[in-house]
Structures are given as structure tokens and as C-alpha cells.
Amino acid sequence: MSTWESDEGYPEPEKLRVLGVVRALLRGIPLAVLVFGCLGLLLLVRIVERPLFGLRRPWTPFITQFVCRNAFRFIGMSFHVTGTPIRERGAIVANHSSWLDIFALNAAQQVYFVSKAEVANWPGIGWLARATGTVFIRRDRREARAQKKLFEDRLLAGHQLLFFPEGTSSDSLRVLPFKTTLFESFFEPKLKEFMLIQPVTVYYQAPKAAEPRFYGWWGDMDFGTHLIATLGAAQQGRVEVVYHTPLRVSDFANRKALAMASEVKIRNALVDRIS
């Protein structure tokens with residue numbers, strides 16, 4: 001599924017396909033070398049890191065952050081950060097627009113993603129996710145207790161977990177209603193009093209010649225096609241990661257109130273930038 005439309009100012013379709021693929025290869029091959037080369041290094045370091053530190057990862061997150069910061073240089077996108085990421089124990093909640101979110105959010109801060117279980121089996125992405133410490137969950141009430149224990153262990157180990165409360169990706173121009181179930185984990189007695197939740201807005205500005213949704217990846221869009229379209233763009237746009245003032249969990253009565261406060265902050269910042 002393509003984001004391109006036949007409109008004045010766009011290259012001819014035939015030229016776009018040929019030149020786009022060439023540009024995608026010129027950007028994609030070095031990017032793949034960066035990602036999978038550093039993945040090999042990360043796995044080697046993890047062999048030593050895991051028995052020494054268990055859940056804690058004092059070394060390997062720096063490799064992940066190095067890859068993600070440089071990924072945008074290889075792609076040709078401009079990358080900006082507004083605000084300050086939290087350093088205390090806590091979690092991050094962000095809007096979800098694209099596979100590019102993984103690079104954007106890892107580039108600015110050392111985080112551990114919480115993802116649906118099927119992602120673990122995706123070729124390429126699943127390998128990267130497992131290697132970088134992603135927490136895989138099933139949205140099944142029967143597993144709620146085990147998931148809470150898993151989150152608690154990771155948070156108490158100092159990990160900053162990152163959630164996408166929308167539950168799916170959007171077209172990058174809107175924020176979908178937040179699902180509140182995972183917010184319940186933050187109200188566990190061992191976590192509630194010290195937990196901070198930082199809302200984060202990820203904003204994509206499309207290339208000048210492209211429609212505003214260019215970087216959005218949603219619905220039944222094919223990953224390979226979207227990857228080639230993104231890497232093959234004649235010009236690239238920019239991504240901005242906006243860190244909002246953290247919310248203290250103990251200041252909220254329940255998960256729904258906390259989720260709504262997070263959603264409003266993220267949506268307002270996205271609307272401000274689009275308008």
C-alpha cells in the first residue's frame with residue numbers, strides 16, 4: 001500500500017519506482033549493516049552482561065541508543081528533541097504512528113518497549129525487539145496478574161518501560177483513544193508512591209512533496225512497501241520527540257484518570273504542531 005498519489009509536483013510513476021528503489025538501496029544497505037552489525041555486538045556483550053547483572057542492563061542500552069541516533073542520519077531525516085526525559089523510576093507513554101517510532105524513542109532515551117506478543121515472531125523486527133529487552137504481553141485478562149509481576153520486576157530493576165496506549169499505530173495526524181488496562185499496573189502498592197508517568201508526543205513532518213501522512217503506518221499497510229517508500233523518498237522530513245511534564249501516579253484516583261491526563265497532553269501537542 002503506497003502513500004504516493006498522482007498529483008502535480010510528484011515524479012512520474014515509472015521514474016518514482018526506479019529512482020525510489022535506488023535511493024532505498026543506497027540508504028537501506030548501510031542502515032541494515034548498522035542495525036544488524038550492532039545487534040551482533042549487543043548479543044556478544046549481553047552474554048557477559050546477563051550473568052553479572054540479571055535484569056539490569058548497564059551496557060547494552062548504549063549500543064541500542066547509538067544505532068537509533070545514527071539511523072536517522074542514514075535515512076536522511078532530521079531528528080529533534082523537545083523537553084527533558086525523566087531520569088527517575090517511571091514509565092513513558094507515547095502516541096504510535098510508525099515503525100520509525102522505535103528509532104525515535106530509543107534515540108532520545110534508554111527505554112524498554114512493551115509490545116504485543118506476536119511482534120516477537122516478526123522477521124527482523126522480532127529479533128531486534130527481543131535482543132533489546134522488549135517486554136512482550138498478551139492482551140488477555142487471564143494473564144493480567146503475571147503481567148503485573150513482570151512490570152513490577154522490570155520497573156524495580158530501574159527499567160523505564162514504554163507503552164503505546166492506543167494499542168495500534170495511526171496515520172501520524174491523530175491520537176487514538178487510549179486503552180486504560182495497562183495503566184492499572186502502575187497502581188500496584190510497591191509502585192504507586194514513587195512511579196512517574198511521562199507522556200511523550202512523537203510528531204512527523206512529511207517531506208515537502210509528500211502528503212502529510214507520509215510517515216504514518218497503519219491498518220493493513222505492508223511493512224516492506226512502506227519501508228521502501230520511506231527510504232526511497234527524494235527528500236526527507238523530520239521527526240520531533242516532545243517530552244512533557246511527568247505525572248505522579250499517586251496524584252490520580254484511578255487508571256482512567258491517569259490515562260486521560262496522558263492522552264490530553266499528547267494529543268494537544270500533536271494538534272499544536274499540525275495546525
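Biologist: Which ground rules apply here?

Modeller: This is a predicted model, where local features need pLDDT of at least 70 and side-chain atom pairs count only at pLDDT 80 or more, while totals for chains, interfaces and linings use all residues. Residues are numbered from 1 along each chain as its sequence is written, and side-chain values use heavy atoms, with hydrogens and water left out.

Biologist: How do H2 and H3 pack?

Modeller: Axes are lines fitted to C-alpha atoms, for helices over the stretch in contact, and angles run from 0 to 180 degrees between N-to-C directions. Helix H2 (residues 60-75) packs on H3 at about 125 degrees, and their axes are 7 Å apart. Angles under 35 degrees count as roughly parallel, over 145 as roughly antiparallel, 65 to 115 as roughly perpendicular and the rest as oblique. H2 and H3 are therefore oblique to each other.

Biologist: Which residues of H2 and H3 meet?

Modeller: Contact means heavy atoms within 4.5 Å. From H2 come Thr64, Gln65, Cys68, Arg69, Ala71, Phe72 and Ile75; they meet Leu100, Ile102, Phe103, Ala104, Asn106, Ala107 and Ala108 of H3. As background, an α-helix has 3.6 residues a turn, so residues three or four places apart point the same way.

Biologist: And Ile63, buried or exposed?

Modeller: Ile63 is in H2, and it counts as buried because its relative accessibility is 14%. Beyond its neighbours within four places in sequence, Ile63 is in contact with Cys38, Leu41, Leu42 and Val45. Leu41 is 22 residues from Ile63 in sequence, with 8.2 Å between their C-alpha atoms.

Biologist: How should I read the largest nonpolar core?

Modeller: A nonpolar core is a set of buried Ala, Val, Leu, Ile, Met, Phe, Trp, Tyr and Cys residues joined through side-chain atoms within 4.5 Å. The largest here has 42 residues, and Met77, Leu100, Phe103, Leu105 and Tyr204 have the most contacts inside it. Helix H1 (13-53), H2, strand S2 (90-94), H3, strand S6 (196-205) and strand S7 (238-243) each supply at least two of its residues. H1 gives the largest share, seven residues. Another core lies apart from it, with 27 residues, including Ile137 and Phe183.

Biologist: What does Met77 touch?

Modeller: Not counting residues up to four places away in sequence, Met77 touches Phe72, Leu100, Tyr204, Tyr215, Gln236, Gly237, Arg238 and Val239.

Biologist: Where do Ser172 and Ser185 lie?

Modeller: Ser185 is in the loop between strand S5 (161-163) and helix H6 (189-192), and Ser172 lies in the loop between S5 and H6. Ser172 is buried at 1% relative accessible area, and its phi is near 80 degrees, a positive value in a residue other than glycine. Ser185 is buried at 6% and, leaving aside neighbours within four places in sequence, is in contact with Lys148, Phe151 and Leu191.

Biologist: Is Arg50 buried or exposed?

Modeller: Arg50, in H1, counts as exposed at 58% relative accessibility.

How values were computed
Helices (H or I, at least four residues) and strands (E, at least two) are DSSP runs, numbered from the N terminus. Buried means under 20% relative accessible area, exposed over 50%, partly exposed in between (1.4 Å probe, protein chains only).
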